[in-house]
Structures are given as C-alpha cells and as structure tokens.
Amino acid sequence: MSDDDTVRSAALDYHLLPRPGKLEIRATKPLENGRDLARAYSPGVAEASVAIRDDPAAAALYTARANLVAVVTNGTAVLGLGNIGALASKPVMEGKAVLFKKFAGIDCFDIELNETDPEKLADIVCALEPTFGAINLEDIKAPDCFVVEKLCRERMNIPVFHDDQHGTAIVVGAAALNALLLTDRRWEDVKVVSTGGGAAGIACLNMLLTLGVRRENVSLLDLHGLVHQGREADMTPQKAAFAQPGGPRGLGQVIDGADLFLGLSGPNILTAEMVERMADRPIIFALANPNPEIAYDAARAVAPRAIIATGRSDYPNQVNNVLCFPFIFRGALDVGATEINEQMKVGCVEGIAALARATTSAEAAAAYRGEQLTFGPDYLIPKPFDPRLMGVVASAVAKAAIESGVASRPVPDIAAYKRTLDQSVFRSAFVMRPVFEAAAGAERRIVFAEGEDERVLRASQAMTEEMTDSPILIGRPEVIAARIERDGLTLRPGENVEIVNPESDPRYRDYYETYHALMARRGVARDEARAIMRTNSTAIAAVMVARGEADSMICGTYGQFLWHLRYVADVLGRDHLHPVGAMSLMLLDQGPLFIADTHVHPQPTPEQVAETVCASTRHVRRFGIAPKVALCSGSQFGNLDSPSGRTMREALRILDAQEHDFEYEGEMNLDAALDPDLRARFLDHSRIEGPANVVVFAGTDAAGATRNVLKARAGGLEVGPILMGMGNKAHIVTPSITTRGLLNMAALAGTPVATYG
C-alpha cells in the first residue's frame, strides 16, 4: 500500500471500529428498577415538565439543555471538501461534537440538514431552540451563512455562533495581538492586506477592526482583485464595507509596505518577491488549507524575521478554531448567555493571547514533545491540548457576558468559577483543594532529589506561581539552566529556586560528615560516605532535611521505590519516625479510593497492618474526607484460613483493643468492601456504612496490583504514593508520575505535619 492508502485505511478504520461513528448517548441517571423508571418517565417526569411550564428557566435545572449544543450544517462549504452535501458532512460534524466534549465537557448533537435555501434553513434552526442551549453553525457557504446567522440571532434567545466566521476570527485576533506585541506595533498603525472575501475572511477583518485596526488601512482582495468603490462583480454588502477608493488593482500592487498579510483564500498567491516588499519584520498569516498562500519555508527564506502563522499543524502557530469554540460556548452556557456578542469575542481573544504569554503548561509540553513552546515568533497562540484554556478562556467569556448584560444566570464570583473549570480539567484539583489551602499557610522548603528532570522543573515553576513553598533542586546548574531556557520557565536560581550542585557544593564536606556520623555504626566508612554524597541525590536530599536545610524531600522520578526508601529510612528514620506504609489516592469516576500499603511491607505483620490503618486515616483526613477502612484479604469474614485472612483477623483484634474515631471493618474481599449490598449478605451489621474509601491489603502485591489495574484499565488518576510514618519529611514517588502529580506531592509535603495530626 502507498502512504496515502495507509492513511486512508487508518482513517476509515478509526471511524468504523470498534463501532461505527464517533458518538454515543449515555444516561446520566440510574435506571435499574421500577422506582428509577417511575422517576425517569411516568409519572415522575411530569413534575419536571410542570416546573418548566411554570418557569422556563427551570429547564436549566431539570434537563440537559444548558449543556447541550447543536452543530448544524447543510454541507455546502465543508473545509477542504467544498459542497459535499449534508450526509457526507456528518463525519465532520460528529468530529466537531467530539471536540466539544473532549475540550470543554459540552454535550453535542450533530444535525445535518438537506436545505440550501438560507431563509428556510434559518427557520429550521430557529425551531430547535427548545432543545438546545446554543447553536454552532458550521460549514455553510457564503453569503448564505451571513443570512442564516443574522436571522437566527435576531429570532433566537440563545447563543448562535458561526464558527467558520467567528472562531477563525478570534484565533486570528489572538495571534495578531501577540504578533503586534512582539514587533512593537500599534493596531491603529497597522496596514493589512487580506485575500479571500468569504465568511472567515470577512469575520477576521471585522475582528481586527474591533481590536483597533483602521478601516482605511485594510485592503481586501478576492478572485476579481481589490474590492474597490464602484466595483460590481461578485460584491456583497460584507465585502462592500471594505471597498477602497480608486480602480482595479491586484495583490502585487497593494502589498507594498503591508504590516500584516491575512490569507484565507488559496495556495501560492503570495510570492516571495511580494513578501520582500512588505514592511520590515512582516506578519504573514497564510491560512489556506492544506496549501497556504505562500509556503512557510519560502516566506522564511526571504524574510527571516517574519512572524508566520498557517492553518497547518506541521508548522509553528497553527490557527486552529479548537482554541476558541469549545471555551466560548462553555463560558456562554455557564452564565446562560442569550447571545455571543463582541465583548465576549474580545474576551476570548484576550484570554487566548494571554495564555500564550504565560509559562507553558506541563501537559501541553508532554502532548507536543520536541516543540518549542515558549512565547515568541514561533509560539503566538497556545496549543489545543493546553488544559488551562478552559479556565482562562471560558472565565474571560463569562466575565464579558456578565459585564455586557447578556448573562441570564451570572456567576457571583468569576475567580471561583475559574477554579471550578480548572477542577474539571485537572481531576485532582478538587480533592487536593484542602491540601493546597493548608499548604498556603506554610512556607516550607522542599528539596527535589532529581532536580534536572523536566517534570521536576515544571513542578517547581508551578510551586513558585501557586504556592508559598520554596523549591530546592539537586542537580548540575548548567544542565538545569539549559532546561529552564529550553522550556521557557521563569525559575531564577538564587531568587525563587535554590540549586545544590552535587559536584561542587561548598557544603559537601559538611554533608558527608553528617552522613558518616549517622551511618558509621551501620557499616558505612568515611570514603563510602564521601562517594555517596557525590553521586546519590536521594541521600543528599535526606541529609539536607536531617540538617534542617530543607523541611521535606521528594524523590523517585527514576529508580526503584525500595532503593530510595533505604536512604530515606537510614537518614531520617529516627526520633520515632519510621516507614509505616505507602498509600495511593486513586481518583475514579465513582469517587476517591485510598489504597495501602502499596510499596513498603511486602508481607506485613498484623501489627504493621494496624499501624498502616491508623496512619492512613490521618492522611485521608488531610483531604477533608472521613475515612471508612476495609481490611482486605482473600478471606471473607473468616471463610478461609489463609495467611492473608489470619493477618487481617489479628490486625482487626489489635485495632479493637485500641480506641479509634474512624469506621473500620474486616477481613473481607475487595468487592465486599466497595459494595455494601454484597457485604450485607455476609454480615448483617457492618461497622462501616456504605462503600469503604480506604482499602488496606495484607501485602504490597495485592495493593500494588489493585492500584495498577485502576490506573491502566479504570482511568484512575493517582495522587501519591504518600509515604506514611516519616513525619511528612520525605515522599517517594514513582517514575510514572506527572508534573501535576509532583505538584500535588509538593503540596502534601508543604503542609506541616502538625496541621493534620
């Protein structure tokens, strides 16, 4: 097969397997019995209908309408394919619906209509208003799209947004805003030459006018040349608004001195010779797809300092509507906007542009590994997989909707609303909130043993932005500096981050003497202590904590857990501190689940299990959660005389002999721990009510396997492992940890142990 055949086959298989299409409908409420049926349908559903009849705004409370968007097309102008008809456009519209769900959590129906008359098409769309919270018009040819959108906006009381026009315009506006900042230009001084008089081109020009470009500084060209006063061929009111005085002219006659070329037309119409005649350091947005108005390399060859954007993903600065439409709809829906107005569009522009100027997120860097994601000529706008887009852009849109008076359900606190959006993207954000709040009241020094790791550097960057704790990095300064520069971070050694160089730190002698003093009676000679303090960053971090030069340490981004644990325990396992167990918090769709002990004791004694249970409950409470502990084994309430059953029965006896203020029960299988109905079949009066949220196992094999299965097959997100028993002085992560995971661990390490018992 040729490369083209392979790509085609892969694309078709993607749409075909494992089931046709890209969408499905899932129920959000249970329908398991007669009671559920009576509430979901007759007679209970009548109550919701009556409530909406009496107050139409109640539809946002009792139906999915407030989070439901229709993507509507007639297939007359499908990007790159043209007028392919409504049916053939369905895969494209399904794809758009998937993007809504993926990037903004918005439910979406794709609606393909066999109607080419714009007024009739508008009638159909308007009739859909009771079903949807907003309408996204898509791939309708110009000038029909202008008619449809105008009629729908006039007649509907929900947002109507033609993404081909305004989505492109918003992203172009954001890219242009940052390009002007980089080239020290002002909107009112910029000379714009644009090719393409279609929906997207006109909308982009209107957006530039809104941002401050002067109409007399805009030259618009189409297939017939310059749009000028007195021209009659292929004119529309939208084009006529940009008519220049004078007679017919071509692109080569108007390009001289242009600051910004905006192309939304066709391939290869801007020549290298024309680029040479533009202003110094020109801004070139060649957005025709798949072949731009001028090839990226050709433009760069004649204008090395040019700022260039295209519609392609294989070059810098891809102008992609996905940066806009999911988030402008998210903000509009959440405040019940009756329309999407110019203020909301500008809010979207400013939010996107500001995010590009901020430090790049670790998640975006991971999704686009190998690309330079530092604000500058090759990074004008953020990448679609930057998870911060939701919070930044949607909150800017919501704020603009409220301030412009089109929000029917204004949120009282925009900052709190943004935090809610961030929590929906960063799954750990909600459960970690009490920990971050506690950490905000402390100023602890946290040393990272693997300070050269990119994840550690990005977590340290986030600490300087979100926390009051101070990061300390163990590593070679020149390597750390190079990676800070490469990743566009704002860490400044000696100011907001400290670096410990294991090769030449002036404290080296103090460190190895401290280590030797601690380990001399454990068989470590002075020469060995010297070697360890030159090569073992985990031991160095532990010594720093022992000497009071750091309050806590984090290690383990590479290497085996027990290897790191050895040095942590040797140096810091004193004054009643010792490794009790490791606990992982798994964030699941059904709620949080804590698992212990995943790493420390392969086959714990009953006493160690009981100690792990007590330590686990203290840490669970850090998250504002009341612990309900299940002691899990292969035995179900004594039905097997297995080693794990005996261990757990004895641990239960130890716990019963003590006084505790938390619920616990055992020994039982894992399914009984999580399913109270199943548990009730074996035990009439369980000591815990409902499902357990802490499961403690009789061995690290079972605990670790449960943790790994939940991560790999149930979509579980891990916070941890949390090393218990060390007074919060040390935590050992695993090599699979993410930057966000390291930041979470830093927040845990940044909370003084006294604040949580």
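Modeller: Here is a quick tour, topic by topic.

Colleague: What are the ground rules?

Modeller: This is a predicted model, where local features need pLDDT of at least 70, side-chain atom pairs count only at pLDDT 80 or more, and totals for chains, interfaces and linings use all residues. Residues are numbered from 1 along each chain as its sequence is written, and side-chain values use heavy atoms, with hydrogens and water left out.

Colleague: Start with β6. Is strand β6 enclosed or open, and why?

Modeller: Five of the five residues of strand β6 (residues 218–222) are buried, so it is largely enclosed by the rest of the structure. Buried means under 20% relative accessible area, exposed over 50%, and partly exposed in between, with a 1.4 Å probe and protein chains only. Strands here are DSSP runs of E with at least two residues, helices are runs of H or I with at least four, and both are numbered from the N terminus.

Colleague: Which way do the β6 side chains point?

Modeller: Val218, Leu220 and Asp222 point one way, while Ser219 and Leu221 point the other way. In a regular strand the side chains alternate between the two faces of the sheet.

Colleague: And which way do β5 and β6 run?

Modeller: β5 (residues 192–195) and β6 run parallel, joined by four bridges. Two strands pair if DSSP finds at least two bridges between them. Valine 193 stands opposite serine 219. Serine 194 stands opposite leucine 220.

Colleague: How does the chain cross from β5 to β6?

Modeller: Through helix α9 (residues 199–211), in a right-handed β-α-β crossover. Right-handed means that, with the strands pointing away from the viewer, the path from the first strand over the helix to the second runs clockwise.

Colleague: Are the β5 residues buried or exposed?

Modeller: Buried, on both sides: Val192 and Ser194 point one way, Val193 and Thr195 the other. β5 also pairs with strand β8 (residues 260–263), in the parallel sense over four bridges. There, threonine 195 has glycine 263 as its bridge partner.

Colleague: Back to β6. In which sense does it pair with β7?

Modeller: Antiparallel, over two bridges, with β7 spanning residues 225–226. The two strands form a hairpin with two residues between them.

Colleague: How many bridges join β14 to β21?

Modeller: Three. Cysteine 555 stands opposite isoleucine 732 in β21.

Colleague: Now charges. How many salt bridges does the structure hold?

Modeller: The count is 52 salt bridges. Each is a side-chain nitrogen of Lys or Arg within 4 Å of a carboxyl oxygen of Asp or Glu.

Colleague: What does aspartate 334 pair with?

Modeller: Arginine 330, with the closest N and O atoms 2.8 Å apart. Both lie in helix α14 (residues 325–334), four residues apart, about one turn of the helix. Aspartate 334 is partly exposed at 23% relative accessible area, whereas arginine 330 is buried at 9%.

Colleague: What about glutamate 549 and arginine 507?

Modeller: Their side chains meet in a salt bridge, 3.3 Å from N to O. Glutamate 549 lies in the loop between α24 (537–546) and β14 (552–555), and arginine 507 in the loop between β13 (498–500) and α22 (508–519), so the pair ties together parts that are 42 residues apart in sequence. Glutamate 549 is buried, at 18%.

Colleague: Which residues are in that network?

Modeller: Glu498, Asp505, Arg507, Arg547 and Glu549 are linked by salt bridges.

Colleague: Is aspartate 641 buried or exposed?

Modeller: Exposed, at 60% relative accessibility. Aspartate 641 forms a salt bridge with arginine 649, with closest N and O atoms 3.3 Å apart. Arginine 649 counts as partly exposed, at 28%.
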